[in-house]
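Please load the model in your viewer and keep the selection panel open. The stops below go from the whole chain to single residues.

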Amino acid sequence: MKRFFIKSAVFAAVTLSVFSFFSCKDLFNMQIPKSVSVATDAEYNVNLGTMKYSLSDTLSTSAITEQMQDSLGNSMQLYNYIQDDDANTEKDESDILSYVLHYPVYEVPIDIGSYLDDLDFDNVFSSADFGFNFDQTISVPSVSGTSSTPIGLDFMDEFKETIDENLSANSFTIDTCYEPGIKQELESSHGSISIVSEAEKIYYKTGSAIEITFEKTDSNACTEGFVFEGMGFLSSDGTSSDLGGSDWVSVKDGGTIVIPLDNAEGLPSQFYVCLKGKSSGGDLGTAHSYKVNIGLADGSDLLRVENIKKHSADFGIDPVAFQMEVSTSEMEGLFNSATISDGNIELSTSPISGWSGVDTEIEFNFAGNTISGSDITDGPSAATTLFDKVADISGTVITPSSTAIEIGGTVTVEVYGATIDFTTDVSSLEINYAYEISELSDVEIDLTSDKYSSIQTSYSLSTDGSGNSIELTDQLTQYVKTISFGTQSGSSYYKHDSSGSLDTSTEAEGLGFKFTLVNTLDTDDLTINVVSNVMNYNLSKSLSQTSESGESQTWVQYPTVDFATLDSTQTNYVDFSFEFASTTITLNTLTLGQDYKLALTFEEMLYDWDSVTLNTDGTAIDGENSLDSFDLSSLLDGLSLDSDSIKNINIAALPVFFYAQKPTSSNSSLTDILNALSISGNISIDYTTTDSSGNASSDSIYVLGSSTEDANLSFMSDTVPWPDDVSTVIASDQTAALIAEEGTTYDSDVIPYITEGNTDKYSFTTDLADVINAYPESMTFKYSLGLGATDSDTVIYSAMLSDVSSGSSESTTSDTSIKIDMAIVLSFNLELKGDIVVDIMSFYKDDWATSDEDLLSRDSASTYEKYAEYCDAIDSFAMYYRIDNEVFNGLDFKAGIDDSYTGIQKEIDLSEGKLNTLSFSSREIEKILTTYPFHPSITMTLTGGTESSPKDLTMSRKQMDSEDGAYLGASVKLKLDLSNRAYINIWGED
């Protein structure tokens, strides 16, 4: 079963849009059944609900404020206004939606400090856009290194071998040794062996000895009773045994004579080894033979030698070369060049005892320079090591690069005349060499290096209106000639007192900046130049060294700023620039292995002005403010009316009040100055309109003076007490008492100032209704005003302003200004001078009038037959509706449907508040469903009056303020009569 009613519902929904006559987009609370099936001969009724078009988002205080601020800026304020009800009229004036708009249009500064506040220095300099806030950590790497190389000093074997070779060379044989055959003992001396060593004295370890071994080489047995003994001794002269000797030892069958060498007194450089023998008994004629070997006993080692008489080279001890590389690649970019102020190369051995008299000759080379003489000194362990020598490399200039610095040299050890204790193992003795650079001086740094990427070496405020621009207000450049930030007396700067006399007890704080500086670098070379041509500022600030936590610093000068040199016809900007005087700086010292910090953080801007000179020669200053958004087309834009119809809507009245005010003061000096000030010129509202033929014309309404003649501006003796809180409702006490809405604050103090009859409560007034009703394309508030006084230059001192007051707390800048404010009373008391015709379908789709789109969303005529079987089932189709209008009082409207394809024309009754009917017969429904496309034109007409007798139309304040909000809408009920047919599905799934 096809779902005929789905497409019919589309038609119904679009028809309902007639009752939403301002926009079909705000349909809500429409209840659509999910599925409906009906039997034969039935009547179907369903409430489709309501649809509403809300005006709260269009005409509310917040909506109008946002629209106005787009044109007038944030200084504009909008208050809700409740008028008193006039008993003489049928209208309820207290229910007419009304507002009071307050807008400062002109101001001449007196308190320059507040204007400087408004320049927003602090926000600009504290923002991320301010490129001269920086925090740079400088990590200086350590530069040190160690290495070692063996030193060949194991020459104990040289001594041992010399002695052993001498002894071995004196080994001998006894070819024939006869047994004496007698009891008498025969003694003989073999002679002596001369031992010459390379030291004045030699000491052997305990147990060291010379062994003289007898080996019997014949085969004859020794006769019984045969005695053959030998002994040895050491002699300093070859005869005496003054250096010790052995006992007698039997050697007839072989044996070993042991001569101790561990003489506590040591052995001289030359001594003798002597051998004696004795024999007796035996058988005369029996002969024997022996081999006698002389040498050092196993385990014999030197203990110490004194006063060596041989040079190192004779021992085969050659000079030892050493070499290292110092890497400076990590410091590339950290500095360009530097002089080493604390650095050394140290060569030493591990601790060694019992060695003395050893001379060391060391040659150092560093970075291609030879280090010698007094630059080489003993190191801290010189007394406990073979040597410890330190070469001072300070004074050497280094340039970091990827190429390492070469360290090299040789060590020559001379043992001649030395005493060597061989108990110390020197077989693995090494030369240890190390380098360290601890501190640099005259360190040249390039702040543009990547190592200092956090530092921006220069920065300037933008002067083209972009992000970090600080624009000088027109009031400053047009009315202020000069600003002085202090007067010098002696070496200090002072301010004037309230009488205008220089007060040397009050020091001026000047113009400048407060920064937090952290600078742990040791330099006198960091200077920042701060320059501003506009502010006549030229400061060179040397950055002193601080602690790691930093310190607050004040950078000030005391300029006289001359705005008279600026071109007041163009936009002017503050042009502060910050720049390091040089990006190449020199540090006095730099400790390696340490972190340094250079950081600058803006705290606040200082501008303690002393005096301002106003331009009071009467020269006219021109200015203007756009009022383009303040017209009915803009205010009623949310109603979605076309541009031709909306021009039939007029506003009954639009009074505008102007208030010229100047400060008051109890200071007599300032009072005299203020009383002498005057303003003259002209003020106009200029607007441009276009007639029905497209011809544009311009006109002006002068509210002060004329196009040919200036007029003096009358200052008020009073000031307007505008509420600080814009949510305050302006109403008389009587009206506020009648309404007394909970949570609402009312203020009646402003009422006298927006009442035309109170001429002493405003400077001048006009009614802009005629201008607004002309629907201008543009509208501008223009002034040409000159500030005058007795003298062409008027000087005001800041001390005079301590007791100045002004009633307008919502001025663009301060309460200490000469200013003109305006107030516009906007009341939605409208007049219709003709009908307003609305093409409803244009709100459904912008190009509906020029398209041939099918309202039922069918693709083509081929879909006709899909609906044919249902056409006969419907006798009639009707919608019952009631129009709800909770905003416009006295609104009548009607609507019509005209479709050229089907020929259907319908008048729609839109009488407010009663149940209305829109019916379609079965024949009309068939035409709609079987004609392609169904493309109706739906129009709505709001019935108005005439040019001479317009119809009143007011918007309801009460409904706008109600909890439900203000809306227009319709309540709709649908009725469908079916003929006697079989069961069919009307809505939803089969």
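With the whole chain selected, consider the contacts (heavy atoms within 4.5 Å) that have a separation of 6 or more: residues 24 or more positions apart account for 84% of them. The model is a predicted one, in which local features need pLDDT of at least 70 and side-chain atom pairs count only at pLDDT 80 or more, while totals for chains, interfaces and linings use all residues. Residues are numbered from 1 along each chain as its sequence is written, and side-chain values use heavy atoms, with hydrogens and water left out.

Switch to a cartoon view, where the chain shows 16 helices and 62 strands; these are DSSP runs numbered from the N terminus, helices being H or I with at least four residues and strands being E with at least two. Of the 990 residues, 49% are buried, a term that stands for under 20% relative accessible area with a 1.4 Å probe and protein chains only. The accessible surface, taken from the Shrake-Rupley method with a 1.4 Å probe, comes to about 43500 Å², and 41% of this belongs to carbon and sulfur atoms.

**Aromatic pairs**

Next, colour the rings of Phe, Tyr and Trp (for Trp, the six-membered ring), which pair if their centres lie within 6.5 Å, with planes under 30 degrees apart counted as stacked, over 60 as edge-to-face and the rest as tilted. The structure holds 36 such pairs. Select Tyr 79 and Trp 722, whose ring centres are 5.9 Å apart and whose planes are at 15°, so this pair is stacked. Tyr 79 is buried at 0% relative accessibility, and Trp 722 is buried at 4%.

Now move to Phe 322 and Phe 364, where the ring centres are 5.9 Å apart and the planes are at 65°, so the pair is edge-to-face. Because Phe 322 lies in strand β16 (residues 320-326) and Phe 364 in strand β18 (residues 359-366), the pair ties together parts that are 42 residues apart in sequence. Both of these Phe residues are buried.

**Charges over rings**

A charge sits over a ring if NZ of Lys or CZ of Arg is within 6 Å of the ring centre and within 35 degrees of the ring normal. Select Lys 310 to see its charged end over the ring of Phe 315, 4.8 Å from the centre, and then Lys 662, which lies over the face of Phe 715 at 4.6 Å from the ring centre.

**Strands and their partners**

Which strands does β9 join through bridges? Strand β9 (residues 209-216) runs antiparallel to strand β12 (residues 255-260), with six bridges between them, and seven bridges join β9 to strand β14 (residues 287-296), again antiparallel; two strands pair if DSSP finds at least two bridges between them. Centre the view on Ile 212, which stands opposite Ile 257 in β12 and has Ile 294 as its bridge partner in β14.

Leaving aside residues up to four places away in sequence, Gly 295 touches Asp 164, Leu 167, Ala 209, Ile 210 and Glu 211. The C-alpha atoms of Gly 295 and Ala 169 are separated by 9.0 Å, although these residues are 126 residues apart along the chain.

Methods:
Buried < 20%, exposed > 50% of the residue type's maximum accessible area, 1.4 Å probe, protein only.
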